[in-house]
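This briefing covers a single model and is arranged by topic. Please consult the sequence and structure shown below while reading.

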Amino acid sequence: YFYYNPHRYPEFLSGVRESFTPDDGMKMNRRTNREDIFLASGGTDRSPAALDKRLNDALLHSGGEYLDAFVLEYVCPYELTPDVASNDFKQTLSLDTELQGAIEHMHTMKKEGKV
């Protein structure tokens, strides 16, 4: 499941949450283990505060304690600049400061077990 926007699609996220919530045993084909479901989310923001909000929102509305993946969406050409100091025959790209910071922040979230 890819979490998109719980405020726009509340029924979708409630279905995801219910799919790994233990039930009374009467419903067939319901998964009861969170480990059986791959949950992913993402965002276009690059600031740590905005990334935290997006991640925490996904965790809250999906009912999960962690996400299996978090995608930094829409990496744009302006976030990648040619590294002219590189002697590599292939063009080497450098990440701009905001994108690099977002990647580092997501590594922190991974170390904390949220992703």
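Lys114 counts as partly exposed because its relative accessibility is 26%; the class lies between buried (under 20% relative accessible area) and exposed (over 50%), with a 1.4 Å probe and protein chains only. The model is predicted: local features need pLDDT of at least 70, side-chain atom pairs count only at pLDDT 80 or more, and totals for chains, interfaces and linings use all residues. Residues are numbered from 1 along each chain as its sequence is written, and side-chain values use heavy atoms, leaving out hydrogens and water.

**Charged pairs**
- Two salt bridges are counted, each requiring a side-chain nitrogen of Lys or Arg within 4 Å of a carboxyl oxygen of Asp or Glu.
- Lys114 pairs with Glu112, with the closest N and O atoms 3.8 Å apart; Glu112 is partly exposed at 47%.
- Arg46 forms a salt bridge with Glu79 at 2.7 Å between the closest N and O atoms, and this pair links distant parts of the chain, 33 residues apart.
- Both Arg46 and Glu79 are buried.

- Leaving aside neighbours within four places in sequence, Leu67 is in contact (heavy atoms within 4.5 Å) with residues including Leu39, Leu55 and Lys114.

**Loop residue**
- Asn33 is partly exposed, at 39% relative accessibility.
- The C-alpha atoms of Asn33 and Ser19 are separated by 8.6 Å.

How values were computed: Helices (H or I, at least four residues) and strands (E, at least two) are DSSP runs, numbered from the N terminus.
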